[in-house]
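The stops below tell you what to select next and what to look for.

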Amino acid sequence: MKRIIIIGASSGMGRRVAADFARLGWRVGVAARREEELKKLKESFPDRIEYATIDVTADDAVERFYNLIETLGGMDYMLYAAGCGWRNPELDDAFDRRTLEVNVLGFTRMVNAAYKYFKDTANVSRGHIAAITSVAGTKGIGISATYSASKRYQWTYLQAIDQLAHQQHVNVAITDIRPGFVDTPLIEGHNYPMEMSLDYVAPRLEKALMRSKRVAVIDSRWAVVTALWRLVPDRFWRRIELLD
């Protein structure tokens, strides 16, 4: 029986993936700050889900994470689905600080913890670290500067950890899942181009995870769009308004 721990499973993509894998018979560990939402998941799949309240920005996050692994009886996959971000054209310091705490510091803390776990345990069976990043890391988006920069950081960090695993002969796969705009609470109340539903995104995300893809852009339209974004010179990019 496969075992996965999902960090950031109280809502959005993390919650949906947790329920899908539990439905498939996996043992699923779910973690987030909001305990009530985790309890609801546990009640839906009492024999397959274990939960722990974890704030990835807190000093005890790694200890709680390792305790959840023990409760689950081990871990084959870790999916980092936690994240936050705002439209912040005013460059409000509080919004930027929180984005960096979760998307950079918390992300790094939990990916490192998973890597160290697999370094010690994944000698025969391969471990797997995955994170839901975003196509927003492709270029700097003016009204969400810190968010897009934090996603670029995640891309680069996962690439570096993949190289480190190769150099240290650690038997772990690294997957960077980059969705376009998904209809979740993170973007609620705004109009985004080519917005996708959870029903559409979840199976594609899960397929990328199970196939151990190194980088998966969801979906093909966004793969084309971001490829075109990369070709736009900065002198033209600065004039583009992506979001209304």
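Is the crossing of α1 and α2 left-handed or right-handed? Before answering, note that this is a predicted model, in which local features need pLDDT of at least 70, side-chain atom pairs count only at pLDDT 80 or more, and totals for chains, interfaces and linings use all residues. Residues are numbered from 1 along each chain as its sequence is written, and side-chain values use heavy atoms, with hydrogens and water left out.

**Stop 1: two helix pairs**

Select residues 12-23, which are helix α1, and residues 35-44, which are helix α2. Helices here are DSSP runs of H or I with at least four residues, strands are runs of E with at least two, and both are numbered from the N terminus. The axes of α1 and α2 come within 11 Å and cross at roughly 20 degrees. Axes are lines fitted to C-alpha atoms, for helices over the stretch in contact, and angles run from 0 to 180 degrees between N-to-C directions. α1 and α2 are therefore roughly parallel to each other; angles under 35 degrees count as roughly parallel. The crossing of α1 and α2 is right-handed, meaning that the near helix is turned clockwise from the far one by less than a right angle.

Now select α4 and α5. Their axes come within 10 Å and cross at roughly 15 degrees, so α4 and α5 are also roughly parallel to each other. The crossing of α4 and α5 is right-handed.

**Stop 2: two residues with positive phi**

Go to Leu 91, in the loop between β4 (77-80) and α4 (93-121). Leu 91 is not a glycine, yet its phi is positive, about 55 degrees. Leu 91 counts as exposed because its relative accessibility is 55%; exposed means over 50% relative accessible area, with a 1.4 Å probe and protein chains only.

Next, select His 169, in the loop between α5 (145-168) and β6 (172-179). His 169 is not a glycine either, and has a positive phi of about 60 degrees. With 74% relative accessibility, His 169 counts as exposed.

**Stop 3: a cis peptide bond**

Select Ile 218 and Asp 219. The peptide bond that joins Ile 218 and Asp 219 is cis, with omega about 10 degrees. Asp 219 sits in the loop between β7 (215-218) and α7 (220-231).

Key: Buried < 20%, exposed > 50% of the residue type's maximum accessible area, 1.4 Å probe, protein only. Parallel < 35°, antiparallel > 145°, perpendicular 65-115°, else oblique.
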